[in-house]
Amino acid sequence: MRVALFLTCVNDTLYPDTGRAVVKLLTRLGVDVDFPMGQTCCGQAHYNTGYRHEAEPLARKFSDVFREYEAIVTPSGSCGAMVRELYPRMGERARAEGRGDTLARTLAPVVPKTYELTEFLVDVLGVTDVGAYYPHKVTYHPTCHGLRGLGLGERPRRLLQAVKGLELVELPGAEECCGFGGTFAMKNSDVSAAMGADKVRNAESTGAEVLCAADNSCLMHIGGTMARLRTGMRPVHIAEILASTEEEPLG
């Protein structure tokens, strides 16, 4: 199966190891992974800030770059939700504004074949045990876009439960937002910081060494709060845990 890795802006700029982990993991599972060099921002930041029309050229670019692949895999619930949920809405809004069906037709091919990593593993490849090894105590935070937008449900937990050596402990208040929310963290910084502190205190109460999530934007926010509160915990993307093996353990 030939798939494209949609890395996203945050990962490309700040967390390239997550992208490397996705490639390592999928290659180990027999998937042919390509990284289209023409990929850019999906337009989420623009759309969520109210610049819908400015997001449209980025959405068209996304479709041009990725439309020929069998599947598009991303280690980001928020960017995956942008394509799956909001690209159709952008097409509908353009139609309602009297601009015809061109945008909707352009974006339609990429919507159904864009997958967040854990749903691609479970739903498309049909695996939960990916041969991973990670001998640590871990708690899992389900991020808002993955939980509410994509409906990832138990997929990430099922994958983590199958990791050799990993002890998974439940996070109190797991379904509560961590407070990041993109520009929300800047526009409502006091509220965002308080929500982040609540999330970190709940994580610390589990006794886990690691807080895991499927979206590095949320992990960036949580990790910054952990550092300021000096918890000793560390944030780790689920792709990096699943890519880790006894022969090549995660550092």
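Visitor: Is the crossing of helix 4 and helix 5 left-handed or right-handed?

Guide: The crossing of helix 4 and helix 5 is left-handed (the near helix is turned anticlockwise from the far one by less than a right angle; clockwise would be right-handed), where helices are DSSP runs of H or I with at least four residues, and strands are E runs of at least two, numbered from the N terminus. This is a predicted model, in which local features need pLDDT of at least 70 and side-chain atom pairs count only at pLDDT 80 or more, while totals for chains, interfaces and linings use all residues. Residues are numbered from 1 along each chain as its sequence is written, and side-chain values use heavy atoms, without hydrogens or water.

Visitor: At what angle do the axes of helix 4 and helix 5 cross?

Guide: The axes (lines fitted to C-alpha atoms over the stretch in contact, with angles from 0 to 180 degrees between N-to-C directions) of helix 4, residues 52-66, and helix 5, residues 77-96, come within 11 Å and cross at roughly 120°. Helix 4 is therefore oblique to helix 5 (under 35 degrees is roughly parallel, over 145 roughly antiparallel, 65 to 115 roughly perpendicular, and the rest oblique). The contact (heavy atoms within 4.5 Å) involves, among others, Ala 55, Ala 59 and Phe 62 of helix 4 and Val 83, Tyr 87 and Met 90 of helix 5.

Visitor: How many aromatic pairs does a search of the whole structure find?

Guide: The search finds 5 aromatic pairs (ring centres of Phe, Tyr and Trp, its six-membered ring, within 6.5 Å; planes under 30 degrees apart are stacked, over 60 edge-to-face, the rest tilted). One of them, Phe 6 with Phe 66, is edge-to-face, at 5.7 Å centre to centre and 65° between the planes. Phe 6 lies in the loop between strand 1 (2-5) and helix 1 (9-14) and Phe 66 in helix 4, so this pair ties together parts 60 residues apart in sequence. The rings of Phe 62 and Tyr 87, with centres 5.8 Å apart and planes at 85°, also form an edge-to-face pair, which links helix 4 to helix 5 across 25 residues. Phe 6, Phe 62, Phe 66 and Tyr 87 form one aromatic cluster.

Visitor: Is Phe 66 buried or exposed?

Guide: Phe 66 has 0% relative accessibility and so counts as buried (under 20% relative accessible area; exposed is over 50%, partly exposed in between, with a 1.4 Å probe and protein chains only). Phe 6 at 1% is buried, as are Phe 62 at 3% and Tyr 87 at 1%.
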